[in-house]
Amino acid sequence: MPLYDVEYICHLDYAQQEALAKAFTNLHAERFNTPHYFVNVRFTDVSNQLVFRGGHRRKYNRVILRTRAGSNRTNEIYIEHCHAMVTQWEKIVGNSDDESLRTVWVMGALTTALEAGLARPKTGEEDQWLEANKLHFKELAEAGDEDFIELMKELESD
């Protein structure tokens with residue numbers, strides 16, 4: 001369910017986008033106990049978009065994370081996560097001039113969502129939710145749903 005909106009002004013080729021998507025997905029999955037399948041990463045070239053800060057036009061790279069908030073997700077955890085994202089960005093893209101990741105926003109306002117018809121759990125209840133819905137995931141995988149085939153591989157490898 002989390003959505004990472006990567007808005008960039010520098011050139012990002014497919015390999016860099018794929019590497020960032022995998023890095024952000026892995027970070028999120030590990031930190032927030034979320035299966036990789038549920039993490040979404042979207043890239044938008046905003047180099048021609050008009051953005052004003054302080055009344056002046058500015059161009060910069062940014063990542064906006066839309067995710068669920070919960071009592072077990074403190075500000076400190078989110079700040080650590082932001083720093084980890086910047087570190088991955090700098091390894092993959094760089095940090096000079098137009099390459100630098102200037103802003104990371106975390107929008108913890110995702111109240112709830114449906115994924116393949118199932119309501120997502122509250123934060124901290126992911127393990128119980130996965131276990132309660134594993135049979136449904138398996139049925140979707142057996143029916144040929146590629147996403148759930150990957151999810152079942154992940155769940156069965158843990």
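Q: How do you know that Arg-68 is buried in this predicted model?
A: Arg-68 has 6% relative accessibility. The cut-off for buried is under 20%, so Arg-68 gets that label.

Q: What makes Glu-126 and Arg-68 a salt bridge?
A: Their closest N and O atoms are 2.9 Å apart. The limit is 4 Å between a side-chain nitrogen of Lys or Arg and a carboxyl oxygen of Asp or Glu, so the pair counts. This one links distant parts of the chain: Glu-126 sits in helix 3, Arg-68 in the loop between strand 5 and helix 2, 58 residues apart.

Q: What makes Glu-18 partly exposed?
A: Glu-18 comes out at 35% relative accessibility. Buried needs under 20% and exposed needs over 50%, so Glu-18 falls in between.

Q: Why is the contact of Glu-18 with Lys-22 called a salt bridge?
A: The N to O distance is 3.8 Å, and the rule asks for within 4 Å, so the pair qualifies. Both residues lie in helix 1, four residues apart, about one turn of the helix.

Q: What makes Glu-7 and Arg-62 a tie between parts of the chain?
A: They form a salt bridge, with the closest N and O atoms 2.6 Å apart. Glu-7 is in strand 1 and Arg-62 in strand 5, so the bridge ties together parts 55 residues apart in sequence.

Methods: Residues numbered from 1 in each chain as written. Predicted model: local features only at pLDDT ≥ 70, side-chain atom pairs only at ≥ 80, totals over all residues. Heavy atoms only, no water. Helix = DSSP H or I, 4+ residues; strand = E, 2+ residues; numbered from the N terminus. Buried < 20%, exposed > 50% of the residue type's maximum accessible area, 1.4 Å probe, protein only.
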